[in-house]
Amino acid sequence: MAGDEESPLGSGADLFSPVSLSRVSQVIVDQIRLLMRQGKLKPGDRLPSERELCVKFGVSRVTVREALRVLEAGGLVDIRVGAHGGAFVTTPTNARLGEGLADLLNLSPLTAAEVTEARMVFELGIVPLVVERATTEDIAALKEICARQRAALKDDSYSMTLSAEFHVRVAACTHNVAIEMLVQSFHGPLLASLREAQTLAPLMGRRGNTEHQAFVDAIEAGDTEAATKIMREHLQRTADRVAKSTSET
């Protein structure tokens with residue numbers, strides 16, 4: 001990985017080409033993204049200076065700065081100041097990538113029934129991985145969430161946020177970054193669907209907590225069949241409730 005002390009890219013290579021279209025800054029962003037996908041720009045590489053980019057792209061410094069801000073907002077470059085500053089190529093974090101997907105999901109016209117149907121496919125599919133890979137720390141974390149759920153039920157402060165937290169943490173037990181990212185991005189729609197189900201069954205948190213605990217016990221016992229059965233029944237109840245809500249509207 002290139003460091004701060006390396007000379008900027010592009011001094012001898014023609015990686016960039018002038019642009020003359022409308023929304024020029026976006027064209028620059030697209031061109032730099034393409035270079036990243038092609039591996040011609042790698043994490044740690046420093047882009048040419050603003051002045052050099054202006055010459056290479058044939059645009060003003062304002063346009064270059066706008067493009068760099070878009071790249072920075074997307075987690076694709078890190079802009080540093082100082083003697084060794086500049087725009088450095090970086091790798092978006094899981095959280096940043098998840099936020100982008102979450103925005104798409106949250107702004108889409110998803111129904112609670114569609115969300116729950118997707119959960120039936122996805123969450124049941126990962127159960128074998130959860131049972132196989134869950135560590136002692138993972139199981140302890142799930143038990144801690146269950147304990148907070150029970151405490152919240154006792155003082156009537158239980159919310160579907162706790163239920164969503166449990167399911168997101170279950171996905172983390174797979175130790176698969178792609179799965180964790182998908183579930184984190186799905187958090188908004190998941191929470192909305194749970195809240196809709198709760199309006200139809202205000203006491204669902206109590207049974208849900210019991211099932212959560214039973215699911216953790218099955219994971220700890222290494223019993224994939226039992227864990228799958230518990231999760232299927234758990235999700236099916238939510239699916240039935242939101243399907244009923246959809247049919248009545």
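Q: Which way do strands S1 and S2 pair, parallel or antiparallel?
A: Antiparallel, over four bridges, with S1 covering residues 77–80 and S2 covering residues 86–89. Keep in mind that this is a predicted model.

Q: OK, and what is the bridge partner of aspartate 78 in S2?
A: That would be phenylalanine 88.

Q: What sits over the ring of phenylalanine 88?
A: The charged end of arginine 80, at 3.9 Å from the ring centre.

Q: How many residues lie between the strands of that hairpin?
A: Five. Glycine 82, in the hairpin of S1 and S2, has a positive phi near 105°.

Q: Zooming out, how many helices and strands does the chain have?
A: There are 12 helices and two strands. In sequence order the pattern reads α-α-α-β-β-α-α-α-α-α-α-α-α-α.

Q: How much of the chain counts as buried?
A: 43% of its 249 residues. The accessible surface is about 13,400 Å², and carbon and sulfur atoms account for 56% of that.

Q: And what share of the contacts with a separation of 6 or more comes from residues 24 or more positions apart?
A: 72%.

Q: Switching to charges: how many salt bridges does the structure hold?
A: It holds 12. One of them joins arginine 119 and glutamate 123, with the closest N and O atoms 2.5 Å apart.

Q: Where do arginine 119 and glutamate 123 sit relative to each other in helix H5?
A: They are four residues apart in H5 (residues 112–125), which puts about one helical turn between them. As a general point, an α-helix has 3.6 residues a turn, so residues three or four places apart point the same way.

Q: Is that pair buried or exposed?
A: Buried on both sides: arginine 119 has a relative accessible area of 3%, and glutamate 123 comes in at 9%. Both count as buried because the cut-off is under 20%.

Q: What about aspartate 30, which residue does its side chain meet in a salt bridge?
A: Arginine 33, at 3.9 Å from N to O. Both residues lie in helix H1 (residues 24–37), three residues apart, again about one turn of the helix. Here the accessibility is 39% for aspartate 30 and 31% for arginine 33. Aspartate 30 is therefore partly exposed, and arginine 33 is partly exposed too.

Q: Which salt bridge involves lysine 143?
A: The one with glutamate 220, where the closest N and O atoms are 3.0 Å apart. Lysine 143 belongs to helix H7 (residues 136–154) and glutamate 220 to helix H11 (residues 204–220), so this bridge ties together parts 77 residues apart in sequence. Lysine 143 is partly exposed at 31% relative accessibility, and glutamate 220 is partly exposed at 44%.

Q: Which residues do salt bridges with shared partners join into one network?
A: Glu50, Arg61 and Arg65.

Q: Let's look at helix H2. Which of its residues are buried?
A: Leu53, Cys54, Lys56 and Phe57 are the buried ones in H2, which spans residues 50–57. The buried residues of H2 pack against H1 and helix H3 (61–73).

Q: What follows H2?
A: Glycine 58, with a positive phi near 70°.

Q: New topic: how many aromatic pairs does a search of the whole structure find?
A: One. The rings belong to phenylalanine 166 and phenylalanine 215, with their centres 6.4 Å apart and their planes at 75°, so the pair is edge-to-face.

Q: Where in the chain are those two?
A: Phenylalanine 166 is in helix H8 (residues 160–172) and phenylalanine 215 is in helix H11. They are 49 residues apart, so to speak a link between distant parts of the chain.

Q: Which residues is asparagine 209 in contact with, leaving aside neighbours within four places in sequence?
A: Cys146, Gln149, Arg150 and Leu153.

Key. Residues numbered from 1 in each chain as written. Predicted model: local features only at pLDDT ≥ 70, side-chain atom pairs only at ≥ 80, totals over all residues. Heavy atoms only, no water. Salt bridge = Lys/Arg side-chain N within 4 Å of Asp/Glu carboxyl O. Buried < 20%, exposed > 50% of the residue type's maximum accessible area, 1.4 Å probe, protein only. Contact = heavy atoms within 4.5 Å. Phe/Tyr/Trp six-rings, centres within 6.5 Å; stacked < 30°, edge-to-face > 60°. Lys NZ or Arg CZ within 6 Å of the ring centre and 35° of its normal. Pairing = 2+ DSSP bridges. Areas by Shrake-Rupley, 256 points an atom, 1.4 Å probe, with all protein chains shown as cover.
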